[in-house]
Amino acid sequence: MASGVEAELIRTALPFWEAEAQITRRFFNGKPSREDHIFWLKAQLWKELHPVDGYFTGIQKELSQLVALFPKIDKDIDRHRYHHLLEQMTQEFNHYVLMADALEYLLGHPISAEDTFQLPQEKKLAKLRREYANSGSAVDKAAVLVTEGGGARMFREGRKLKGGSFERLIAKAMEVIYQDEKNHYKEAAGEAAEAVNSPQDLQRMKRAIREISRQRVYMRNEMFREPLTGHEIKNCLK
C-alpha cells in the first residue's frame with residue numbers, strides 16, 4: 001500500500017517539477033546576461049543559507065544540533081544515523097560552496113551573506129511552508145517534505161549547460177548537486193506516505209503538495225527573471 005501512496009504523491013508533484021525544469025531550460029537557452037546570472041545566484045544562495053519553514057532548520061542550527069548529539073552517540077542516537085546526518089550536512093554546505101564560487105567568479109571579489117537576497121515569491125513560499133509545517137498536522141508537515149527541492153529539476157537541467165568557463169563552472173556545480181539530490185524526492189515520498197492513514201489523509205496531503213509546489217514554480221520563475229509568462233505557467237499546471 002505504501003508504494004502506491006508514494007507513487008500517487010510523486011504523480012501529484014510531477015507537473016510542478018517539470019514546470020521548474022521548463023523555466024530553467026528557457027532561462028539558460030535564452031543567453032542570459034552576466035547580470036541575470038548574478039541575480040539568480042544571489043537568490044539561490046539565500047535559499048542555500050536560510051531555513052524557510054518549520055521543517056528544515058538551516059545549516060547553522062543543524063550544526064548546533066549535531067554538536068549537542070555528539071555525546072549521545074550509541075546511547076540515544078545510533079552511530080550510523082549520526083554519520084548519515086553528518087554526510088547530509090557536508091553535502092548541503094558543499095552546495096552552498098559551489099554556488100558561492102560561481103557568484104564570486106562573476107563578481108570578481110570575495111562574497112559575504114550581504115551578497116544574497118530573498119525575493120518576494122520566496123517570501124511567500126517560506127510563509128506558506130511554515131504554515132503547513134507548523135499546523136500541528138503530521139499530514140501537512142509531511143507534504144512540505146515532498147515538495148522540498150522541486151524534484152531536483154533545476155539541477156537536472158542546469159548540468160546540461162554548455163559554453164565558456166563560467167557555464168562549465170555552473171554545469172559542474174549543478175551536476176554535483178543533482179547527483180546528491182536526484183533521489184531525495186523518492187525518499188521524501190516514502191517518509192510522507194507513512195503519515196497517510198486514510199483516503200482523507202491522502203487527499204489532504206495532495207492538496208498541500210499542489211499549493212506549495214505551485215508557489216515553488218512562481219518562486220523559480222521570479223528567480224530566473226520570469227522566462228515563462230503567467231499564462232504559460234497556468235497552461236503548464238492544468
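## A tour of the model

Start at alanine 152, in the loop between α6 and α7 (153-158). Helices here are DSSP runs of H or I with at least four residues, strands are runs of E with at least two, and the numbering goes from the N terminus. The model is predicted, so local features need pLDDT of at least 70 and side-chain atom pairs count only at pLDDT 80 or more, while totals for chains, interfaces and linings use all residues. Residues are numbered from 1 along each chain as its sequence is written, and side-chain values use heavy atoms, with hydrogens and water left out.

Stay on alanine 152 and look at the backbone. Its phi is positive, about 60°, although alanine 152 is not a glycine. Is alanine 152 buried or exposed? With a relative accessibility of 3%, alanine 152 counts as buried (buried is under 20% relative accessible area, exposed is over 50%, and partly exposed is in between, using a 1.4 Å probe and protein chains only).

Next, select arginine 153 together with tyrosine 185. The charged end of arginine 153 sits over the ring of tyrosine 185, 5.9 Å from the ring centre. For a charge to sit over a ring, NZ of Lys or CZ of Arg must be within 6 Å of the ring centre and within 35 degrees of the ring normal.

How many aromatic pairs does a search of the whole structure find? The search finds 10. Rings of Phe, Tyr and Trp (for Trp, the six-membered ring) pair if their centres lie within 6.5 Å; planes under 30 degrees apart are stacked, over 60 edge-to-face, and the rest tilted. One of the pairs joins tryptophan 17 and tyrosine 185, edge-to-face, with 5.2 Å from centre to centre and 65° between the planes. Tryptophan 17 belongs to helix α1 (residues 2-29) and tyrosine 185 to helix α9 (residues 184-193), so this pair ties together parts that are 168 residues apart in sequence. Both tryptophan 17 and tyrosine 185 are buried.

Now select phenylalanine 27 and phenylalanine 224. Their rings make a tilted pair, 4.6 Å centre to centre and 35° between the planes. Phenylalanine 27 is in helix α1 and phenylalanine 224 is in the loop between α10 (199-223) and α11 (230-236), so the pair ties together parts 197 residues apart in sequence. Phenylalanine 27 is buried, as is phenylalanine 224.

**Arginine 225**

Step along to arginine 225, which is also found in the loop between α10 and α11. Arginine 225 has a positive phi, near 65°, and is a residue other than glycine. A relative accessibility of 42% makes arginine 225 partly exposed.

**Phenylalanine 117**

Which residues is phenylalanine 117 in contact with, leaving aside its neighbours within four places in sequence? They are Phe39, Lys42, Ala43 and Trp46, where contact means heavy atoms within 4.5 Å. Phenylalanine 117 is placed in the loop between α4 (79-107) and α5. At 27% relative accessibility, phenylalanine 117 counts as partly exposed. Draw a C-alpha to C-alpha distance from phenylalanine 117 to lysine 42: the two are 75 residues apart in sequence and 6.0 Å apart in space.

**Helices α5 and α6**

Select helix α5 (residues 120-133) and helix α6 (residues 138-147). Their axes come within 7 Å and cross at roughly 140°; the axes are lines fitted to C-alpha atoms, for helices over the stretch in contact, with angles from 0 to 180 degrees between N-to-C directions. That makes α5 oblique to α6 (under 35 degrees is roughly parallel, over 145 roughly antiparallel, 65 to 115 roughly perpendicular, and the rest oblique). Show the side chains of Arg129, Tyr132 and Ala133 on α5, and of Asp140, Lys141, Val144 and Thr147 on α6: these residues make the contact.

**Two leucines**

Select leucine 66, in helix α3 (residues 59-69). Leucine 66 counts as buried at 7% relative accessibility. Not counting residues up to four places away in sequence, leucine 66 touches Tyr82, Leu85, Leu86 and Met89.

Finish at leucine 237, in the segment after α11. Leucine 237 counts as buried at 16% relative accessibility. Apart from neighbours within four places in sequence, leucine 237 is in contact with Pro15, Phe16, Ala19, Arg214 and Val217.
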